[in-house]
Amino acid sequence: MSVKISPSVLTADFLTLKEDIKRLEDAGADMLHLDVMDGIFVPNISFGVPVIKSIKKHTLLPLDVHLMIDRPHRYIKEFAEVADYLGFHFEAGSDVADTLKEIRNLGCKSCLTIKPCTNPQAIFEFLPLCDMVLVMSVEPGFGGQKFMPSALSKLSVLREEIAKQGLDILLEVDGGINAETAPQAVKAGADVLVAGNYVFSAADMKATVENIKNL
């Protein structure tokens, strides 16, 4: 499976978001990663359904919505209307199995996310209900953090378990992805890379995206 790039728009200039999305499309991005923060589960606040609905009007790229919110089951229906992949945190206080089932029942692909402190074995039982699993390689809530090498072992363990269970699940990693860490993550089992600062700060966005894919 080829590596997919899901740039995080949290790094974009929201006054020129439409133009930035076009640049990402032209650069070869495979999906858009949208970080939803509530100021409770994480200390930062970002955006919600109205912004994602506007983004959806201006791109055909799949929207990879990452809920960093408390008790996400309360808002699954609203976000499922605008997302293609809809993910939430294992640690966020929802019934994990029921929430994953609801996401699928609403026509979205389901994603379960774990923080750096969470043991990957804790989510093994939920893998059959997932279309994607996201491993955070930084603490959720802020962009620009340094990649945590402990994520590599988590990716390897999850990739092995996914194969053991005979499942077809994308394995995504988010945080500190750049030319150095991207190949490490892919070698460990990741096939979707979330990159924010590294892509948006590049002088040549297209070349940067291509380089990550070719690494």
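**A helix across the sheet**

Begin by selecting helix α5 (residues 150–164), which lies across β5 (109–114), β6 (132–136) and β7 and runs at about 160° to β6. Axes here are lines fitted to C-alpha atoms, for helices over the stretch in contact, and angles run from 0 to 180 degrees between N-to-C directions; contact means heavy atoms within 4.5 Å. Helices (H or I, at least four residues) and strands (E, at least two) are DSSP runs numbered from the N terminus.

The model is predicted: local features need pLDDT of at least 70, side-chain atom pairs count only at pLDDT 80 or more, and totals for chains, interfaces and linings use all residues. Residues are numbered from 1 along each chain as its sequence is written, and side-chain values use heavy atoms, with hydrogens and water left out.

Select β6 next. Five of its five residues are buried, so the strand is mostly covered; buried means under 20% relative accessible area, exposed over 50%, and partly exposed in between (1.4 Å probe, protein chains only). Which residues of β6 point one way, and which the other? M132, L134 and M136 point to one side, V133 and V135 to the other.

Two strands pair if DSSP finds at least two bridges between them.

Strand β7 (residues 170–174) pairs with strand β8 (residues 192–194) in the parallel sense over three bridges.

Select every strand to view the open sheet of eight, in the order β1-β8-β7-β6-β5-β4-β3-β2 with parallel pairing. The edge strands, β1 (4–5) and β2 (32–37), each pair on one side only.

**A helix pair**

Finally, select helix α1 (residues 17–27) and helix α8 (residues 205–214), which pack at an angle of about 45° with their axes 8 Å apart. That makes α1 oblique to α8: angles under 35 degrees count as roughly parallel, over 145 as roughly antiparallel, 65 to 115 as roughly perpendicular and the rest as oblique. The contact is made by R23, L24, D26 and A27 of α1 and M205, K206 and V209 of α8.
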